[in-house]
Amino acid sequence: MNYPETIAWLFAQLPMYQRVGQSAYKADLTATHLLSNYLKNPEKNFKSVHVAGTNGKGSTSHMLASVFQEAGYKTGLYTSPHLKDFRERIKINGEMIPKKYVSEFVENHKPYFEKNQLSFFEMTVGLAFDYFRNEKVDIAIVEVGMGGRLDSTNIITPEVSVITNIGLDHTQFLGDTLEKVASEKAGIIKVGIPVIIGETLRETKQVFEKIASEKNAEILFAETIDASSYASDLKGSYQQRNIKTVLATLRILQKKGWNISEENIQNGLLNTIKNTGLMGRWQILNENPKVICDTAHNKDGLQLVMEQLSKESFKKLHIVLGVVSDKDLASVLPLFPKEAVYYFCKPNIPRGLDASLLFSQAKGFGLNGEEYISVKKAYSAAVKAALNDDLVFVGGSTFVVAEVV
C-alpha cells in the first residue's frame, strides 16, 4: 500500500476514539503487551518521559521535547490527536515520521493487526515505539492518549512520570469525580520512578500521595516552582502553569544526570513552536481582523481560554464554535460570552455534533448566531463579517481548529 492507502486503512479498518467515541475504547492493556512482545519490546530500547493530564499535556510534552532538542539530544515525541497530518503524532527532533516508514510498518504487520483486531491507538503506539527504537532516540516524550492506567502508552518505564492536572473529561471512561479521574491518571506512576504533579487540588492531592507512597515514588508538586523568569513562545496565559510543570520535570531529570543547561531550558521554552511544530494553542492566524484559535475543549481548558479572550481589546467578538457529540454542553456553554456573534458548525468527523443541535442548545444559554453546514463556511462567514478592529475566535474542539489552521 502507498501512504494514502495506508492511512485510509488505518482510519477505516478500525475505530479510533477521537473520531467515533466510546466504541473504540479498550479498557485493557493485554493487546498492547502482546503487540509489544510481537515487536520485540521496542519500548525497552529508549529512555522516556510519560505525560498524562486532563489539560496541558500536549503543550507540556512539546516544551519538554524542545528543551531536550536544545540540549542536543535526539528526541522522540509521541502525541495525539493530530490536526492536519497523521504523522504529527510521531516526530524526532521536530520532523514527522517518513510516509514510507508508516506504509512499510503497516504493510509488514497487517496480518498480525487484523488477526488480533488491534485498535487504531494500539497500532499507532506500536509504530511510534518501533520507530523510536530503530532511529535510536536518546529520549522520547510520550503523551498519554486518554486516562493513564489503561492507556496503550502505559507499557513504558519512564525516567519521570508527569501528571499536568485533573479535570472532568471523558467521565464515561475515567469516572465522574476528580478523585476517580486522578486515580486513573495516577496509573502511570511506576515503582521507584519520580512523579511530577502540575496542579495541586484538594480533592486529588491525597490520591496522588497515597499511590506514590505505595509505589515508593518521589512526588513533587510543581506549584512550588518559581517560573517568573521563564517565558515561552506558546502565548496562552494558561501556559505559565505548564512551564512550572516542565521546570519541575527538568529539575528531576538534571538530578538523574541529563545534561540540560539553564540556557537550554530558556531557549527550549522560547522555541517550542519552531523546534516541534506545535499548532493550535492560542495560535494567532491573522492580525487584521485578529483571528485566534485554540484547541481547548473541556470546562477547565475553556475557562482559561475565555478568561484570556476577555482581556483582548476588540470592538465586536465573532466566535466560530463546533463541538463533538459527547460533550457536556451544560458545563461548557455557560463559559462563552453572550455578547459575541456565533457561527455554529459541525467538525467533519463522525463524532461531530450537528450544528443545528448546537445552535438550539446554545440559544438556551443566551448565545446567538447562525448555523453553517461546515467549519469552513462558518469560518469564512466570520472573517468576512469581521471589521479590522473586531476579533474572531475559533474553537470548541480540536477538530474545528484542525480545519482552519
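Visitor: What order do the strands take in the open sheet of eight?
Guide: The order is β4-β3-β2-β5-β1-β6-β7-β8, with mixed pairing. Strands here are DSSP E runs of at least two residues, helices are H or I runs of at least four, and both are numbered from the N terminus. Two strands pair if DSSP finds at least two bridges between them.

Visitor: Is this a predicted model, and what should I know about the numbering, or what are the cut-offs?
Guide: The model is predicted, so local features need pLDDT of at least 70 and side-chain atom pairs count only at pLDDT 80 or more, while totals for chains, interfaces and linings use all residues.
Guide: β4 (95-96) and β8 (219-221) do. Each has a single partner strand, so one side of each has no neighbour in the sheet.

Visitor: Which helix packs on the sheet?
Guide: Helix α10 (residues 239-255) does, touching β1 (47-52), β6 (160-163), β7 and β8. Contact means heavy atoms within 4.5 Å. The direction of α10 makes about 170 degrees with that of β6; axes are lines fitted to C-alpha atoms, for helices over the stretch in contact, and angles run from 0 to 180 degrees between N-to-C directions.

Visitor: How many bridges link β7 and β8?
Guide: Three, in the parallel sense, with β7 covering residues 195-197. Val 195 stands opposite Ile 219 in β8.

Visitor: And how many residues of β5 are buried?
Guide: Five of the five in β5 (residues 139-143), so the strand is largely enclosed by the rest of the structure. Buried means under 20% relative accessible area, exposed over 50%, and partly exposed in between, using a 1.4 Å probe and protein chains only. Ile 139, Ile 141 and Glu 143 are on one side of β5, with Ala 140 and Val 142 on the other.

Visitor: What does β5 pair with?
Guide: β1 pairs with β5 in parallel over five bridges, and Ser 48 stands opposite Ala 140. Strand β2 (residues 75-78) also pairs with β5 in parallel, over four bridges; there Leu 77 has Ile 141 as its bridge partner.

Visitor: Switching to β11: which residues sit on each side?
Guide: Leu 317, Ile 319 and Leu 321 are on one side and His 318 and Val 320 on the other, all buried. β11 pairs in parallel with β14 (residues 391-395) over five bridges, and four bridges join β11 to β12, again parallel. His 318 has Val 392 as its bridge partner in β14 and stands opposite Val 341 in β12.

Visitor: How many cavities turn up?
Guide: Two of 30 Å³ or more, in a search of the whole structure. A cavity is a set of points, on a 1 Å grid over the protein atoms alone, where a 1.4 Å probe fits but cannot get out; lining residues have an atom within 4 Å of a point.

Visitor: Is Ser 59 buried or exposed?
Guide: Buried, at 4% relative accessibility. Ser 59 lies in helix α4 (residues 57-70) and, not counting residues up to four places away in sequence, touches Leu 234, Gln 239, Asn 242, Leu 278 and Arg 281.

Visitor: Where is Pro 334?
Guide: Pro 334 is in the loop between α14 (329-332) and β12 (341-344), and is partly exposed at 44% relative accessible area.

Definitions and conventions:
Residues are numbered from 1 along each chain as its sequence is written. Side-chain values use heavy atoms; hydrogens and water are left out. On a 1 Å grid over the protein atoms alone, a cavity is a set of points where a 1.4 Å probe fits but cannot get out, and a pocket is an open set with protein on both sides within 12 Å along at least five of seven lines; lining residues have an atom within 4 Å of a point. Grid points are joined across faces, edges and corners, and a volume is the space filled by probe spheres set on the points.
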